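User: Could you walk me through the aromatic pairs and the nonpolar cores here?
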Amino acid sequence: MTSELPSPSLSPAWTGRTDGDTPEHLRWHQVVRPADGRGDPTTPQRDPGAGAPTSGARSTALIGFASDEGVRRNHGRVGAEDGPEALRGALASLAYLEGTGALVDAGDVSVDRGDDDAPGELEAGQAELGTVVSGLLNAHDLAVVLGGGHETAYASITGLTGSTRVAAGTRVGILNLDAHFDLREAPRPSSGTPFLQALRDAEGAEHQLSYAVVGISEANNTRALFDTARERGVTWVTDEQAQTADVTGVRRWVRSFITAVDVLYLTIDLDVLPAAVAPGVSAPAGFGVPYEVIHACTLEATQSGKLALADVVELNPALDVDGRTAKAAARLIHTIVSRHRTDASLLA
């Protein structure tokens, strides 16, 4: 396991077209800066649950998790460790919209892939990323994790619950856009176990945790997984229900979930999208949820005033077609960052 790109370095992926240096011409690669350290989780810069920093301008921190050890353990197609750089490259030339605020990149936490005889140090990498995420959340309005396999999620949620955003009694919501529950029972943590791990952690915690999923494929989740979801109080919408014809209904369902929580974590597994839109994932969808529905759910979360943390996972650049998956993911991240609200009263 290694931590890469310490401040003040920036990834070479942050390059792209330049039309000018005045505000109306700016693109992300012209604006993003290296993080000034990764934040100190023991020195909060905001009040618990606050919607904005106690001082300074609005800001978003990016952090990569270059890992697919969890995918390997889950018997998936490896390659997601290259996702963070591909996402940066896809984001680099997107327009920087007025009001987006400062963008900083804290580099990558990397996990060396192992094998059946010598598993990689996923658990240590998740612990490190969790600590980094806590620090970034204490210092910035929003943190966005660039995955990585969906093992990223366990690190993300531990980072959130370890930050000053979550105190005793805080109702934390996980909104997962995904074809899978990822509630698998397994001897080792993997990309299929993160939410069962998080729900178990919450059993002895002072905060409350709720978990909801949009995009569940009944064909790709066993009865045991559905049983676990019911036992754990998980709510979901299937891929068949989450189609364009009912985008308003799906968005209303998401809004209802968000209303019942205080702080929100949004996690987007790109395999929720149809394979034609997102071919570059470990497990391409045979059916999938239309992009416009996923974007609508993302927008609902982003504009709720409660979103503290988001991650986008399972991009496998080696399996992508013409950068199609990376571009679809980058647009979702662009929406999250540029339209993020820290106060529900600012909803459009």
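Analyst: First a definition: buried means under 20% relative accessible area, exposed over 50%, and partly exposed in between (1.4 Å probe, protein chains only). This is a predicted model, in which local features need pLDDT of at least 70 and side-chain atom pairs count only at pLDDT 80 or more, while totals for chains, interfaces and linings use all residues. Residues are numbered from 1 along each chain as its sequence is written, and side-chain values use heavy atoms, with hydrogens and water left out.

User: How many aromatic pairs does a search of the whole structure find?
Analyst: The search finds 4, where rings of Phe, Tyr and Trp (its six-membered ring) pair if their centres lie within 6.5 Å, and planes under 30 degrees apart count as stacked, over 60 as edge-to-face and the rest as tilted. One of them is edge-to-face, because the rings of Phe181 and Trp236 have centres 5.2 Å apart and planes at 85 degrees.

User: Is Trp236 buried or partly exposed?
Analyst: Trp236 is partly exposed, with a relative accessible area of 22%, whereas Phe181 is buried at 0%. Together with Phe226, these two residues form one aromatic cluster.

User: What about Phe195 and Tyr211?
Analyst: Their ring centres are 4.6 Å apart and their planes at 20 degrees, so the pair is stacked, and both residues are buried.

User: Switching to the largest nonpolar core, which residues touch the most other members?
Analyst: Leu175, Leu266 and Ile333 do, out of 52 residues; such a core is a set of buried Ala, Val, Leu, Ile, Met, Phe, Trp, Tyr and Cys residues joined through side-chain atoms within 4.5 Å. A second, separate core of 43 residues includes Phe195.
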